[in-house]
Amino acid sequence: MRTLTVSTDGYYKALEELSSKFPRRVRKRGATTIKLYFEEFDAEGFYALLDWIAFQENPALKGVPKLAEVTKKNVPDRMTKENINALREYVDENRTMYLEGYVHFRLSDYNDYLNRLMYAVVRKLNK
């Protein structure tokens, strides 16, 4: 059985909810870390949390739900699949993850794409 220790500063409740789907997990009272145990990592399920965090960390997308919805619908499936594969590779090579750090640094190209896509959506709406 493999493990992944996941920590977070602001998304513990969401992490706790997602981790309930893992066969086994260890939570320490008062800590912001959950240790996940798994045979095969559910990268798609876990990526949904990372994607949600990316939208929460973007002030414009968090503050304007309709814009976030339109932006999300226009993210190409290819990009989502690439991000899921990168997550799979990361978990294969690492045993720890800091959620906010992963979203800011490992998904930096994705965050940049979201900003450009959001800008294009706004421009199109303003025409």
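This is a predicted model: local features need pLDDT of at least 70, side-chain atom pairs count only at pLDDT 80 or more; totals for chains, interfaces and linings use all residues.
Trainee: What is the order of the strands in the open sheet?

Mentor: Strands are DSSP runs (E, at least two residues) and helices are likewise DSSP runs (H or I, at least four), numbered from the N terminus. Two strands pair if DSSP finds at least two bridges between them. The open sheet has 4 strands with mixed pairing, and their order is E2-E3-E1-E4.

Trainee: Which strands stand at the edges of that sheet?

Mentor: An edge strand here has a single partner strand, so one side of it is left without a neighbour in the sheet. The twist from one strand to the next averages 20°. The edge strands are E2 (24-27) and E4.

Trainee: In which sense do E1 and E3 pair, parallel or antiparallel?

Mentor: Strands of a sheet pair through backbone hydrogen bonds, either parallel or antiparallel. E1 and E4 run parallel and are joined by 3 bridges, while E2 and E3 pair in the antiparallel sense over 4 bridges. For E1 and E3 there are 6 bridges, and the sense is antiparallel.

Trainee: Which residue in E3 stands opposite serine 7?

Mentor: On the E4 side, serine 7 stands opposite tyrosine 98. In E3, isoleucine 34 stands opposite valine 6. The residue in E3 that stands opposite serine 7 is threonine 33.

Trainee: Which residue in the hairpin of E2 and E3 takes a positive phi?

Mentor: Within the pairing of these strands, arginine 24 stands opposite tyrosine 37 in E3. The hairpin has 5 residues between the strands, and the phi in question is near 80°. The residue is glycine 30.

Trainee: At what angle do helices H2 and H5 pack?

Mentor: Axes are lines fitted to C-alpha atoms, for helices over the stretch in contact, and angles between N-to-C directions run from 0 to 180 degrees. Angles of 65 to 115 degrees count as roughly perpendicular, under 35 as roughly parallel, over 145 as roughly antiparallel and the rest as oblique. H2 (residues 43-57) and H5 (residues 77-93) have axes 9 Å apart and pack at about 110°, which makes H2 roughly perpendicular to H5.

Trainee: Which residues of helix H6 are buried?

Mentor: Buried means under 20% relative accessible area, exposed over 50%, and partly exposed in between (1.4 Å probe, protein chains only). The cover over the buried residues of H6 includes strand E1 (2-7), helix H1 (12-19), H2, H5, strand E4 (96-98) and helix H7 (108-126). In H6 (residues 99-106), the buried residues are Leu99, Glu100, Gly101, Tyr102 and Val103.

Trainee: Which residue meets arginine 27 in a salt bridge?

Mentor: A salt bridge is a side-chain nitrogen of Lys or Arg within 4 Å of a carboxyl oxygen of Asp or Glu. Here the N to O distance is 2.6 Å, and the pair ties together strand E2 and helix H1, parts that are 11 residues apart in sequence. Arginine 27 is partly exposed at 42% relative accessibility, and its partner, partly exposed at 26%, is glutamate 16.

Trainee: Is aspartate 51 buried or exposed?

Mentor: Aspartate 51 meets lysine 72 in a salt bridge (2.2 Å, N to O). Aspartate 51 lies in helix H2 and lysine 72 in helix H4 (residues 65-73), so the pair ties together parts that are 21 residues apart in sequence. Lysine 72 is partly exposed at 38% relative accessibility, whereas aspartate 51, at 6%, is buried.

Trainee: How many salt bridges does the structure hold?

Mentor: Another pair is glutamate 82 with arginine 78, whose closest N and O atoms are 3.5 Å apart. These two residues are 4 residues apart in helix H5, and so are separated by about one helical turn. The number of salt bridges in the structure is 6.

Methods: Residues are numbered from 1 along each chain as its sequence is written. Side-chain values use heavy atoms; hydrogens and water are left out. Contact means heavy atoms within 4.5 Å.
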